[in-house]
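Hi there,

Here is the structure I promised to pass on. Please have a look at it first, and then read my notes below.

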Amino acid sequence: MPVELSDPHPLVRAAQKRLKQRDGWSDPKGLRFAPDEILDLQITKDAVDRTLRLVDTLLKKLETMGVTIGVDSKAKKTWLDIHGVKVSFAVTEHVARSKHEPTAAEIKSRERHWARWRIDPVNTGPSPRIPDFDYNPTGVLTITAGHWPSRNWRDTPRTELEDRLGEVVSGLFSLAAEIRAKEEEDRRRAEARRLAEEHYEFLKERREREQAKFKCLEDEAINYERAIRLYAYADAVEQQGLQSPEGLTDEIREWLAWSRAKADWLNPLIKVSDPILDAPEPKKPGYSYW
């Protein structure tokens, strides 16, 4: 790997310009990163030059092997398109964390603040903040690719990433093949599930339709039996009236016509409508009527 960055890859050139700006960095760990603008690099200031050389060498090698590199600003990801498989790519630096021990200056500054606050609590500003932790750059870089499945390669005490780029490249292609296989398996499972759910819905709807038809059959049979009883009762009333001294009065005749009409309405074999029973449910008047 070259000791200096020469004719950098366009994405590396953009990253160099952004990461070397003096302002715009407020991460408590001292990391510089802007994955929505440039390559997904999360490193401290002192690791910028080395990381750019490392990534430049890797990207140029990958492009000679047909890999396309791009930045998705919306997803805030760097993607490697390895023969049609998109693999996320990032380089991060490990930052060690240790508990912060307040310095004498920090303690004295806080004591001065509280002394002023006791005299004038209204006009005294916020208390000086003492951090809970100290963060120390280690310079240890990790290349991470993919999410699930994923691969990562890290500096070790014996070997730096610069000496393992061949391993990284072959690992990326192996990961792409694994991702492709997983995506195909996921699609197969999704299709199998879709077909199973479709078959379930078919069986469920068929059963519900059959239950509804059977319920209708039962209701019609019950209504037919009820209608037969009404006809029989009306006939009995008519016979009783014929045998009485008064005979069939107008009142009885009117009742017979009414009862037989109701039996016809109930009988599923006779299609008639009842002007009262088939009418809509009456609505109760609202307060505006009173």
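**Helix packing and aromatic contacts**

Helix α1 (residues 10–19) packs against helix α2 (residues 48–64) with the axes 10 Å apart and at an angle of about 170°. The two helices, α1 and α2, are therefore roughly antiparallel to each other. Please keep in mind that this is a predicted model.

On the α1 side, the contact is made by Val12, Ala15, Gln16 and Leu19, which meet Val48, Leu52, Val55, Asp56 and Leu59 of α2.

Now to the aromatic rings. How many aromatic pairs does a search of the whole structure find? The search turns up one. Its partners are tyrosine 233 and tryptophan 255: the ring centres are 5.7 Å apart and the planes stand at 85°, so the pair counts as edge-to-face. Tyrosine 233 belongs to helix α4 (residues 165–243) and tryptophan 255 to helix α5 (residues 250–266), so the pair ties together parts that are 22 residues apart in sequence. Is tryptophan 255 buried, exposed or partly exposed? With a relative accessible area of 29%, tryptophan 255 is partly exposed.

Lysine 86 places its charged end over the ring of tryptophan 79, 4.7 Å from the ring's centre. Over the face of phenylalanine 133 lies arginine 97, at 3.9 Å from the ring centre.

Happy to go through any of this with you.

Best wishes

Terms used. Residues are numbered from 1 along each chain as its sequence is written. This is a predicted model: local features need pLDDT of at least 70, side-chain atom pairs count only at pLDDT 80 or more; totals for chains, interfaces and linings use all residues. Side-chain values use heavy atoms; hydrogens and water are left out. Rings of Phe, Tyr and Trp (its six-membered ring) pair if their centres lie within 6.5 Å; planes under 30 degrees apart count as stacked, over 60 as edge-to-face and the rest as tilted. Helices (H or I, at least four residues) and strands (E, at least two) are DSSP runs, numbered from the N terminus. Buried means under 20% relative accessible area, exposed over 50%, partly exposed in between (1.4 Å probe, protein chains only). A charge sits over a ring if NZ of Lys or CZ of Arg is within 6 Å of the ring centre and within 35 degrees of the ring normal. Axes are lines fitted to C-alpha atoms, for helices over the stretch in contact, and angles run from 0 to 180 degrees between N-to-C directions. Angles under 35 degrees count as roughly parallel, over 145 as roughly antiparallel, 65 to 115 as roughly perpendicular and the rest as oblique. Contact means heavy atoms within 4.5 Å.
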